[in-house]
Amino acid sequence: MATFSIQRRERVDDSFLPPEIPAVLRQIYASRGITCASELATAASALCPPGTMQGIERACQLLFDAINTGQRIIIVGDFDADGATSTALCVLALKMLGCRNVDFLVPNRFDYGYGLSPETVQLAADRGAQVIVTVDNGISSIQGVMAAKQLGLTVVVTDHHLPGNELPPADAIVNPNQHGCGFPSKNLAGVGVAFYLMLALRQYINERGGFNGAPPNLASLLDIVALGTVADVVALDTNNRILVHQGISRIRAGHCRPGIQALIEVAGRNQQQLVASDLGFALGPRINAAGRLDEMSLGVSLLLCEELPQARSLAVELDALNRDRRDIEGAMQQEAISTLERLELDEDDLPTAICLYQEDWHQGVIGLVASRIKERYYRPTLAFASAGEGEIKGSARSIPGIHMRDMLDSVDTQYPGLITKFGGHAMAAGLSLPLAHFADFKAALNKVVNQHISPSVLQGSLLTDGELSPSDFNLELAQQLKFAAPWGQAFPEPMFDGKFKLLQQRLVGQKHLKMVLEPESGGAAIDAIAFNVDLNLWPNPMNRWVELAYRLDINEFRGNRSVQLIVELINPL
């Protein structure tokens, strides 16, 4: 098991922020890189304009011509929540903009793999596609775009993933991360890129007199943008925070798609009190479950629903898939942990990069298993499942300081032929290789990773915003922190630390621990809860001092509201 230390953020100057903001919150904002009050803007008018995005005007021209001539447009999406929201958004927006011949295609990844493959192009052509628009994929689909061009199809690629050395020969590419693009926000999710394209297309059509009356209000789709942005765990820079804030505000006010309302219902969330973490941990996984265990078309269909009864029916299906996903993931995770325990390794003997394979593991869940094992042992982790015909597919999750895609690239360079294909980012990647190469790959990866890191990289820590005073444990501050911003990737939710006496503890729901704590600094006892605990690691007996990292939260039960701590880490003293 990994051990984590608690480290506090350094205090920084926050005097530039308005004095009406509570002192605790001013310091939290400043420590997350806010340098001026304008970076806390939430109005849609503060969004970066779409005109600086490279390739967007050409894409608008192609789509405008396709709409006017009645060409059939097929949106080709990816199989995760970002891909589903991107796909649904484009279908809905194009219809709002006057397109009467649009459909979508999300290929089954177990049959067709990732991105716009030649096989996927043929599926689209069989459905009558004349124009293909990729969303959340396509920037690395060289062969797929070539196949589409050979069939005489127009291809517009919209993506946010990092491009390789070679770009696909598409008719237009819209990606803020392509070389030479001047768009200032490089952290857009795929759904954000799709939304910007639709905004630009609306302006393009309007300038040519294409609307009878006022242009359609695409802001009505921001709930979808918010869901995809948070679920894809992209950095919440200023621009993304505005997109998420606007979308969540619409959801809280009841102005959201029936499918999103239905997801909120089956997840048991309070729509009026919804926050970004609900999108990431409750709604997003239910959308993702369709792509992991079935076909993502179910998730897209939910978001396209116009009637709540139908949306509720589809949401129930997704909820059932998500429960199945959790069961499969839990069993696979336990098998992985048991495998490591059987090796009788202590922390010093663990490989730097953990590689696990089991023939009967499910391809759709290996990424989640890799993530859980990474969290448990604080090592970059790769989980593999059989892909048939002697091939295995792997999903990798890494830790800060180890850029997973670069590590795989180094393996491919130093040991050519071990890996069939790979791709991804610093923290997550995917790959495939022959099963016969698995042992050699494990050795090669660990050798490469050890060339690039120091032992300190493997020492986990939680970064906190310091200690709260006894007077800070109040509902007003808890409420302010909860709704102060869309918290998420690269703009983390406030976390604090302190020493407490553990007065009481009891298990609830079989795996969650309720506690009563007495702050060292004084004041009244306070309730706390830790979710999904490993009881073997939890301190016992009571009346002992512990060091905690926690979030300040509000517990609502039978109409009563009280402050409680959400405990993220506990270290015995």
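This is a predicted model: local features need pLDDT of at least 70, side-chain atom pairs count only at pLDDT 80 or more; totals for chains, interfaces and linings use all residues.
Residues are numbered from 1 along each chain as its sequence is written, and side-chain values use heavy atoms, with hydrogens and water left out.

Student: In the open sheet of five strands, what is the strand order?
Tutor: Strands are DSSP runs of E with at least two residues, and helices are runs of H or I with at least four, numbered from the N terminus. Two strands pair if DSSP finds at least two bridges between them. The pairing in this open sheet is mixed, and the order is E7-E8-E9-E11-E10.

Student: Which strands stand at the edges, and why is one side of each left without a neighbour in the sheet?
Tutor: An edge strand here has a single partner strand, so one of its sides has no neighbour in the sheet. The strands in question are E7 (354-357) and E10 (421-424).

Student: At about what angle does helix H15 run to E10?
Tutor: Axes are lines fitted to C-alpha atoms, for helices over the stretch in contact (heavy atoms within 4.5 Å). Angles run from 0 to 180 degrees between N-to-C directions. Helix H15 (residues 404-414) lies across E8, E9, E10 and strand E11 (428-434), and its angle to E10 is about 155°.

Student: Why is Cys90 too far from the closest cysteine sulfur for a bond?
Tutor: A disulfide is a pair of cysteine sulfur atoms within 2.5 Å, and the structure holds zero disulfides. The closest cysteine sulfur to that of Cys90 belongs to Cys99, and it is too far for a bond because the separation is 11 Å.

Student: Is Cys90 buried or exposed?
Tutor: Buried means under 20% relative accessible area, exposed over 50%, and partly exposed in between, using a 1.4 Å probe and protein chains only. Cys355, at 9%, is buried. Cys90 has 2% relative accessibility, so Cys90 counts as buried.

Student: Which residue takes a positive phi in the hairpin of E13 and E14?
Tutor: E13 and strand E14 (residues 512-519) run antiparallel, joined by eight bridges. Arg506 has Lys514 in E14 as its bridge partner. The hairpin has three residues between the strands, and the one with a positive phi near 60° is Gly509.
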